[in-house]
Amino acid sequence: MTTTLWITAIIVAITLGITIWAARQTRTTVQFYAAGRKINSWQNGLAIAGDYMSAASFLGIAGLIAFNGYDGFMYSVGWLVAYLTVLLLIAEPIRNTGKYTMADVLAYRMSAGPVRSAAAISTLTVSGFYMIAQMVGAGSVLHLLVPGFSFKWAVVIVGVLMIGYVVLGGMIATTWVQIVKATLLMAGAVLLSILVLGHFGFNPVRFFDAIAKVVDKKSGLNFTQPGILYPHGKHVALGPLTLDKSTIENVSLGMALIFGTAGLPHILMRFYTVPTARAARTSVGWAMGLIGAFYVMTTFLGFGAAVLVGKTGIGTNNNLAAPKLAEFLGGGPNTFGGELFLGFISAVAFATILAVVAGLTLAASSAFAHDFWMNVVRGGKESESEQVLVARIAAVGVGVIAVLVAINLQTANAAQLVAVAFAVASSGNLPVILFTLFWKRFNTVGAVCGLIGGTAVSIVLVVIGPGLGTPPAAHPAFALANPGIVSIPLGFIFAIVGTYIGEALGGDTRAKAMYPEIAVRSQTGVGAEPSSVAEERIPAIV
Amino acid sequence: METRNRGQGTGGPPVGTETAQTRASQWEVLAASPEFRRLITAKRNFIIPAVIFFLVYYFALPLGNGLAPSLMNTKIIGNINLAYLFALSEFVMAWILAAVYIRRANRIFDPLAAAVRKLAARMGMGS
């Protein structure tokens, strides 16, 4: 196991080096939150991919496919197609109208106090659940791979490192940590995919012949067939309708993935790091190429693990499918090659988690420092240096809380925690962002109702649903593991009903008066935040 | 720049004062200008159908898997079935649609947006 530790240590050393370098360049708020808006589009594309391909993608999807076959691959599909929502509707308007956070866009039209507070709550909820999921994943993997490490210490180490990246290096360090991690992750996935295909003479037909021989005991389906994770033939009552449960779970999952991505604060924040809306658009293109290529390769990682290693070889924790596959491809357990491969892939997984958690910490601390502290508590009158200081303190606070919660949630299901994050992002954030940009009647009451209502309903449905308890509850109050199909329409309804209540309460004249301005600004970039020009002393980031 | 940032933070200048009204009406003029209408029409004509298309294409996959499993299990090449090939085609669809949008935005939407920015500059706005 020392190989694993050495490779991990080297990667951590590289990322810390980047952080120290970045720390020297981070003096102003625009540098801390948005890397001076000087990241170019391919760099941002890599960083978006790095931010997005979390432990859930790398370890989680590989594990789901290795244990459930085809149904696990549906996550891969949804997580790529989701970027069309980001590209077509969200990325450019966000870059054109905001400064540092999601709430900047909303506060353009709405009363800053209530909207920023509500957005800070939803951002902290999304980032918090997402972050805890990553840390639980990191803890379990490190603990299982290096038995000398307790779960607690693994989480503490991840926590300390991510706080270090964010507090010292802000967005510049976070971006470069993402880029390093995305490159390593792609390299790892390509290597494993080629080796898996090599076992089948580079013939996909032979590979699928082998997959079709893997049969799920419970359903009798083979691994190329849909229906193992969400079995056919069960029904669910949704209001007056009785529907096929498998279909509803699949569609509901898809809705959360497709609409949730465009509401993830740590992804939206990335669009502020590029100089223009055009660069934001191009960076989504780069990200889609990379993310898509990676998710196609989950075919080889997941099915490869199912065929070559098998459930018995992987053990009970399906998060270990990819590392165990690497060990097998390197030559098997207790060989030099096996150890080396296992070490490399585990280190990549660890780097993946670190990078994602750093991005999340930054999003959460900016929601607190920029939205809540500066704009609500201090009424927008705060010096630059004070704001960066508050953001750094907030990053420490967020990190410490996440570590403490993760330590106590050891048995929680990591994928389920990420599902809560996507449910809140799709039901709370997305409706409000879309209405702010495209609906003239939308107002402050509507925005607050949408954010708070969507967040609350998502959390409630997950808590009373079948997923969060271990083992799952036999007769949950809410039948679906994926609440999106109910919570997303409710999120829109809350926002709409809130808007009409707001009108009845006596119109929000500012929201209406500002609509033409946000419509023009978001689509054209008139008056968009410029790439920072004030720091000539600092060399361009290359 | 400073004015706007402060406005964003604190709720902006109170609407009803003379400056706020002039400011709002200037944006209304810009929003009603033929330059801006051209941009919005061009974008709308592309983006709305594109969004409907990808949503229909995407949700056809989970619906198909749920409602017509035997059809989706049809073997196409060896043991590679329709369900997998359809899933793979989602990637291709997403890449092509993204490429088409980026091309169109760079060639058509960006020049139209630049015309609006020019107009805004002539009206003394935009900073």
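Biologist: Which residue forms a salt bridge with B:Asp110?

Modeller: In this predicted model, the partner of B:Asp110 is A:Arg278, with the closest N and O atoms 3.2 Å apart.

Biologist: Is B:Asp110 buried or exposed?

Modeller: B:Asp110 is buried, at a relative accessible area of 16%. A:Arg278 counts as partly exposed because its relative accessibility is 40%.

Biologist: And A:Arg281, what does that residue pair with?

Modeller: A:Arg281 forms a salt bridge with A:Glu92, and their closest N and O atoms are 2.9 Å apart. This pair links distant parts of the chain, 189 residues apart: A:Arg281 is in helix H12 (residues 277-314) and A:Glu92 in helix H5 (residues 70-97), both of chain A. A:Arg281 is buried at 2%, and A:Glu92 is buried at 4% relative accessibility.

Biologist: How many salt bridges are there over all chains?

Modeller: The count comes to six. One of them is between A:Glu517 and A:Arg521, with the closest N and O atoms 2.8 Å apart. These two residues are four apart in helix H20 (residues 515-524) of chain A, so about one helical turn separates them.

Biologist: Which residues do shared partners join into one network?

Modeller: That network consists of A:Glu92, A:Arg278, A:Arg281 and B:Asp110.

Biologist: Turning to the surface, which residues form a nonpolar patch?

Modeller: A:Ile493, A:Val497, A:Ile501 and A:Leu505 do, with about 370 Å² of accessible area together. A:Ile493 lies in helix H18 (residues 484-504) of chain A and is partly exposed, at 43% relative accessibility.

Note on methods. Residues numbered from 1 in each chain as written. Chains lettered and ligands numbered in written order. Predicted model: local features only at pLDDT ≥ 70, side-chain atom pairs only at ≥ 80, totals over all residues. Heavy atoms only, no water. Patch = residues over 30% accessible without salt bridge, like charges linked within 9 Å, V, L, I, M, F, W, Y side chains within 5 Å. Areas by Shrake-Rupley, 256 points an atom, 1.4 Å probe, with all protein chains shown as cover. Salt bridge = Lys/Arg side-chain N within 4 Å of Asp/Glu carboxyl O. Buried < 20%, exposed > 50% of the residue type's maximum accessible area, 1.4 Å probe, protein only.
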